[in-house]
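Subject: Handover of the two-chain model

Dear colleague,

I am passing on the structure we talked about, and below it you will find my notes on what came out of the analysis. Please read them with the coordinates open beside you.

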Amino acid sequence: MSVFGARWCLAGLAVCVMAAGLSGCGKEDKNQEPVMAEEGTMGSYHQVLECAMGRRTLANPKFPDGDTYEDNAYTRYVMDKLNVRILDDFEANGEDYDRQVSLAIASGELPDALFIGSKDILDELVENELVEDLTDVYEDYASDYIKEIYDSYGGRCLDTATYDGRLMAIPGTNLDSAPCVAYVRQDWLEKTGLLVDEDNDHCLTIEELEQIARTFLEQDPGGSGNPVGLAFVPYLTADDYGGSGYTINAVTSAFRAFPKLWIRDKSGAVVYGSVTPEMKETLGQLAKWFGEGILDPQFGTRTWDDITALLTNNQLGIAFGPWHIPDWLLNNVKGMNPEAEFAAFTVCDQDGRVNVAHSNAGNGYMVVRKGYSNPEVIVKMLNLFFDDVVNHPDLEQEAPEVAAYISQGVDNSARPFQVEVNAYTSLLDDYADIKGCLNEEITMEQVRTAESKSIVESIRRYWAETEPEVNDWAKYTSRMCGIELIESLTKNEQFQWESPVFRGTTKTMKKSSASLGKMEEVFVGIVTGSIPLDGFDDFVADWKAQGGEKIMAEIEEALAGEQ
Amino acid sequence: MMIRKKGIMANLGTGVIYGIVILLGLICLLPMLNILAISFSGSDAAAANIVGFVPVKFTTAAYEKIMEDRQFWRSFGISVFRVGAGLVINLVLIVLMAYPLSKTKREFKGRSVYMGLLIFAMLFSGGMIPTYLVVKNLHLLNTVWALVLPGAVPIFSVIMVMNFFMGVPKSLEEAAVIDGATPLQVLTRVYIPCSKPVIATIALFSIVGNWNDFFGGLIYMTKVRNYPLQTYIQTLSVKLEDMLNSGGSLSSLINAMEVSSQNLNAAKIVVSVVPLLMIYPLLQRYLITGIVVGSVKE
């Protein structure tokens with residue numbers, strides 16, 4: 001061995017010794033005896049229970065001065081009621097939070113309780129037995145009201161966190177926010193004298209949608225000089241109505257297509273919604289529009305921000321998205337163009353039906369580290385925030401701080417229990433309160449939630465003032481047009497609901513979902529005409545050959561196993 | 001005539017070169033002017049993408065909002081401290097390491113081992129997670145030292161300074177030694193004064209690198225209140241589109257919208273760039289000579 005080699009060996013040895021020394025640094029045993037507590041669903045602990053958490057934060061939580069994620073009205077309320085001290089192991093935003101979770105998993109030191117955003121990470125935690133089974137603590141500690149909330153989803157919500165019959169996480173709820181709304185410039189409709197939706201059910205046929213887009217394109221009522229008829233983001237489709245901003249999900253409704261969802265076709269076989277003949281028909285319609293110039297000639301390169309700019313510049317008069325886009329997107333349009341008014345429509349098929357799919361009922365999860373002394377604390381916090389605080393008869397007297405947080409709009413991520421748990425019907429229930437109060441059928445005191453109360457005040461201000469604030473206008477438009485549309489569709493039974501049969505991940509999906517998803521980019525080519533419509537059939541054949549067929553079989557198998 | 005013609009050609013050549021340089025300069029300058037204009041525009045005008053180089057609907061609202069943001073100033077302070085501490089540590093360690101390495105193998109036995117280690121460490125790093133574990137086990141998480149110490153010896157700079165030291169005439173050192181100077185005195189009285197350009201250069205690298213780095217903060221700081229400025233700014237620029245698609249609730253969308261307006265983002269960029277813009281001209285005159293001369297060997 002050369003001298004040089006010997007030196008390298010020495011250096012290597014030194015590194016090893018250093019590493020051994022480091023790993024010797026004590027790792028204290030975190031598994032302690034459970035802390036005893038009072039009986040009941042919100043029993044306070046006899047000694048202070050420390051709960052170290054991973055917290056997903058938001059850029060603009062709007063804390064009053066001095067408050068932080070670790071020490072705010074909500075964490076103090078938890079201390080007060082449950083004698084639990086919340087300590088934050090880590091805090092981070094969005095993607096950075098996921099990275100911190102990965103680092104925590106890698107270093108083998110999960111916090112006692114934490115929020116998990118994606119199903120994939122939850123799968124990993126469960127597979128590696130890193131999280132506590134919560135089946136029993138949920139049964140024993142969840143209050144009746146909380147159980148009612150979860151039951152309103154008919155098991156669909158808890159199922160998303162259930163593995164082999166055991167509940168491994170507390171899932172957040174996600175109610176159906178269908179349909180994808182088409183917000184159309186009402187002032188432009190009036191200006192051009194266009195007559196659409198004569199039965200006033202706010203459902204447009206494909207022909208009517210086309211007519212509006214064509215008129216806006218030809219007459220340029222915004223006076224921009226460079227109008228665009230319809231504009232969509234390049235990824236075209238979304239698997240949830242909440243994420244349907246600038247997508248074609250309203251158009252697919254007319255063709256009974258359900259892109260990105262696993263459904264049963266007419267023969268009862270499991271099929272992927274993006275490869276059905278209905279999807280081909282939808283793309284055919286879009287390609288026709290593109291050919292006629294009704295669909296944005298720059299489709300494919302126009303990004304989300306570009307489309308927002310089109311709307312703000314009066315070039316585009318139709319915006320697709322979830323019902324709440326006036327609150328955070330169209331408010332910019334109103335700010336620049338005080339004359340702008342929006343009416344909410346959706347698109348129906350030839351029989352006047354609006355074809356929509358149920359959303360994935362779970363949205364985010366709270367998990368407890370395997371071996372934590374008091375796993376029931378997570379359910380106690382659930383009770384505290386979604387039963388006690390919500391149904392508190394006199395929150396303002398007993399917990400003025402918490403009440404102030406709600407009225408000042410401090411972000412919900414300030415709560416240590418970081419998912420939302422709302423009843424399946426809460427969207428329309430809250431709207432019924434708002435509408436009832438505005439019509440003076442019920443008093444302000446009877447309005448159930450603090451948020452609804454502030455919306456009633458906003459809308460009253462909007463009606464009273466000659467030059468209303470943009471924010472009040474936004475609340476008015478999103479509720480009295482947006483949710484009003486959902487309510488009327490529900491009341492008139494115009495919704496035709498489809499239930500996606502499978503939400504999980506199969507073996508082949510893990511391997512090939514990225515490449516299969518990539519293949520869907522062919523849609524842009526089909527719409528712009530660079531690939532003929534029949535290219536769709538080649539895409540379907542390819543898709544099936546490269547794993548799609550296998551996934552369908554796996555899902556059939558999984559579903560058969562459930563029964 | 002010929003001479004005159006040649007003169008025209010030469011002028012033409014110079015003109016073309018100037019043209020290209022001006023064009024390149026504009027490419028660098030115009031986006032900054034655009035950001036400056038956006039930062040002084042109304043948020044709706046910024047969202048409409050209609051701001052060029054002149055603010056539309058002039059307002060200083062974005063700057064007022066930054067002034068109110070306590071975390072911004074806290075992070076600003078952390079960044080300033082980090083840059084100061086990082087600069088001192090970097091300069092001391094680089095110079096102390098580069099000086100012995102600039103000696104020949106005969107004067108400094110084992111030089112090649114150290115060089116080998118340095119080059120090896122420069123080419124191969126431990127990777128994110130092992131580095132994180134080391135920092136974590138040293139209990140450095142959430143301290144400013146987690147940002148400074150892992151990058152305490154930038155090897156590229158060591159090599160640059162080493163090369164520069166090698167270029168300093170030997171006779172200077174010999175003269176000092178004859179006058180009775182100790183090795184430390186030789187370094188501080190002879191080498192360092194002779195090497196101002198390269199030291200200014202690595203100082204600039206250190207300042208810019210420490211000021212602009214945001215990733216270290218994301219990994220090693222587990223609380224927002226410990227974030228350095230660039231990390232904090234990075235977390236503030238939320239893409240509403242991504243948030244919507246990942247199932248963000250309505251209230252969080254509204255709260256995020258309030259800070260994600262493009263004019264506010266632009267204002268944050270402007271404020272965070274100003275300190276560097278002020279330091280750069282002070283050191284810039286050394287910069288070019290520092291890099292070029294460093295590559296000349298005696």
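In this predicted model, the contact between the chains involves 43 residues of chain A and 37 residues of chain B. On the side of chain A that touches chain B, the elements contributing two or more residues are α1 (3–24), β2 (84–93), α3 (94–106), α12 (304–312), α13 (325–328) and α14 (330–336) of chain A. Sorted by class, that side of chain A comprises 13 nonpolar, 20 polar and 10 charged residues.

Before you rely on any of this, the confidence values deserve attention. The model as a whole has an ipTM of 0.76 and a pTM of 0.82. For chain A the mean pLDDT is 89, with 94% of its residues at 70 or more, but over residues 1–29 of chain A the pLDDT stays under 50, and for that stretch the model has 5 contacts beyond four places in sequence. Please keep this in mind for α1 (3–24) of chain A, which is listed among the elements on the side touching chain B.

Turning to the sheets of chain A, five strands form an open sheet of mixed pairing, in the order β2-β1-β3-β14-β6 (chain A). Its edges are taken by β2 and β6 (170–173) of chain A, and because each has a single partner strand, one side of each is left without a neighbour in the sheet. On average, and with direction ignored, neighbouring strands of this sheet are turned by 25 degrees against each other. At the β2 end, strand β1 (residues 49–57) of chain A pairs with β2(A) in the parallel sense over 9 bridges, and within chain A the residue A:A52 stands opposite A:L87 in β2(A). The strand β2 (84–93) of chain A is also one of the elements that give two or more residues to the side touching chain B.

There is also an open sheet of 4 strands in chain A, again with mixed pairing, whose order is β8-β12-β7-β11 (chain A). Here β8 (203–204) and β11 (318–321) of chain A stand at the edges with a single partner strand each, so one side of each is left without a neighbour in the sheet. The pairing of β8(A) with strand β12 (residues 342–347) of chain A is parallel and spans 2 bridges, with A:L204 opposite A:V347 in β12(A). Lying across β7 and β12 of chain A is the helix α20(A), which runs at about 20 degrees to β12(A).

The crossing of α19(A) past α20(A) is left-handed. From α19(A), the residues A:I455, A:S458, A:I459, A:R461 and A:Y462 meet residues of α20(A) that include A:W473, A:Y476 and A:M480. By class, the residues of this contact of α19(A) with α20(A) are 6 nonpolar, 2 polar and 4 charged.

In chain B, the axes of helix α4 (residues 70–101) of chain B and helix α8 (residues 155–167) of chain B come within 8 Å and cross at roughly 50 degrees, so α4(B) is oblique to α8(B). This crossing of α4(B) and α8(B) is right-handed. Among the residues making the contact are B:I94, B:V95 and B:M97 of α4(B) and B:V158, B:V161 and B:F165 of α8(B), and the contact of α4(B) with α8(B) divides into 10 nonpolar residues, 1 polar and no charged.

Finally, two backbone details are worth checking in the viewer. Most residues other than glycine have a negative phi, and most peptide bonds are trans. A cis peptide bond, with omega about 0 degrees, joins A:A178 and A:P179, and A:P179 lies in the loop between β6 and β7 (181–185) of chain A. A:L236, although not a glycine, has a positive phi of about 60 degrees, and A:L236 lies in the loop between α9 (206–219) and α10 (249–254) of chain A.

Best regards

Notes:
Residues are numbered from 1 along each chain as its sequence is written. Chains are lettered from A and ligands numbered from 1 in the order in which they are written. This is a predicted model: local features need pLDDT of at least 70, side-chain atom pairs count only at pLDDT 80 or more; totals for chains, interfaces and linings use all residues. Two residues are in contact if their C-beta atoms, placed from the backbone, lie within 7 Å. Ala, Val, Leu, Ile, Met, Phe, Trp, Tyr, Cys and Pro count as nonpolar, Asp, Glu, Lys and Arg as charged, and the others, Gly among them, as polar. Two strands pair if DSSP finds at least two bridges between them. Axes are lines fitted to C-alpha atoms, for helices over the stretch in contact, and angles run from 0 to 180 degrees between N-to-C directions. pLDDT is the predictor's confidence in each residue, from 0 to 100. Angles under 35 degrees count as roughly parallel, over 145 as roughly antiparallel, 65 to 115 as roughly perpendicular and the rest as oblique. A crossing is left-handed if the near helix is turned anticlockwise from the far one by less than a right angle, and right-handed if clockwise.
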